[in-house]
Amino acid sequence: MTLLPLSPQSAERAGQIRRQLRKQRQDIGVADSLVAGICLSNSGILLTRNREHFERVPDLSLANLS
């Protein structure tokens, strides 16, 4: 497993995600937006038990964490 830091690029991506989802009234919160931004800016696959939030993020690759 690789741990990725919050970079300026991933923070910008998180802001885009947050704005887009808030416009659609599908907000997932700041923390989850940051996680999604980090994952997308690094072309990663997110391992999560919280599919309900992260399925709202376009183009985000998800894998179940059991």
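Arg-51 forms a salt bridge with Glu-55, the closest N and O atoms lying 3.2 Å apart; a salt bridge here is a side-chain nitrogen of Lys or Arg within 4 Å of a carboxyl oxygen of Asp or Glu. By this rule the count comes to 4 salt bridges. The model is predicted: local features need pLDDT of at least 70, side-chain atom pairs count only at pLDDT 80 or more, and totals for chains, interfaces and linings use all residues. Residues are numbered from 1 along each chain as its sequence is written, and side-chain values use heavy atoms, with hydrogens and water left out.

**Salt bridges and their exposure**

- Arg-51 is partly exposed, with a relative accessible area of 28%; buried means under 20% relative accessible area, exposed over 50%, and partly exposed in between (1.4 Å probe, protein chains only).
- Arg-56 and Glu-52 form another salt bridge, with the closest N and O atoms 3.8 Å apart.
- The side chains of Asp-27 and Arg-18 meet in a salt bridge at 2.7 Å, N to O.
- Asp-27 is partly exposed, with a relative accessible area of 32%, and Arg-18 is partly exposed at 22%.

**Helix α1**

- The 16 residues of α1 should span 22 Å at 1.5 Å a residue, and the end C-alpha atoms are 23 Å apart, which agrees; the expected span is 1.5 Å times one less than the number of residues.
- Helices (H or I, at least four residues) and strands (E, at least two) are DSSP runs, numbered from the N terminus.
- Ser-10, Ala-14, Ile-17 and Leu-21 are buried in α1.
- They cover an arc of only 60 degrees around the axis, which puts them on the same side of α1; the arc is that of the directions from the helix axis to the C-beta atoms.
- The face turned away from the buried side of α1 carries the exposed residues Pro-8, Gln-9, Arg-22 and Lys-23.
- The buried residues of α1 pack against α2.
- Ser-10, located in α1, counts as buried because its relative accessibility is 0%.
- Not counting residues up to four places away in sequence, Ser-10 touches Pro-5, Gly-37, Ile-38 and Ser-41, where contact means heavy atoms within 4.5 Å.
- Arg-25 follows α1 and has a positive phi, near 55 degrees.

**Helix α2**

- Helix α2 comprises 12 residues (residues 30–41), which should span 16 Å at 1.5 Å a residue; its end C-alpha atoms are 16 Å apart, in agreement.
- Buried in α2 are Asp-32, Ser-33, Ala-36, Gly-37, Ile-38, Cys-39 and Leu-40.
- These buried residues pack against α1 (8–23), β1 (45–48) and α3 (51–54).
- Just after α2, Ser-43 takes a positive phi of about 50 degrees.

**Nonpolar surface**

- Met-1, Leu-3, Ile-45, Leu-47 and Leu-65 make a nonpolar surface patch of about 630 Å².
- Patches are made of residues with over 30% relative accessible area and no salt bridge; like charges are joined within 9 Å, and nonpolar side chains (Val, Leu, Ile, Met, Phe, Trp, Tyr) within 5 Å.
- Accessible areas come from the Shrake-Rupley method with a 1.4 Å probe; for residues, only the protein chains shown count as cover.
- Leu-3, in the segment before α1, counts as exposed at 74% relative accessibility.
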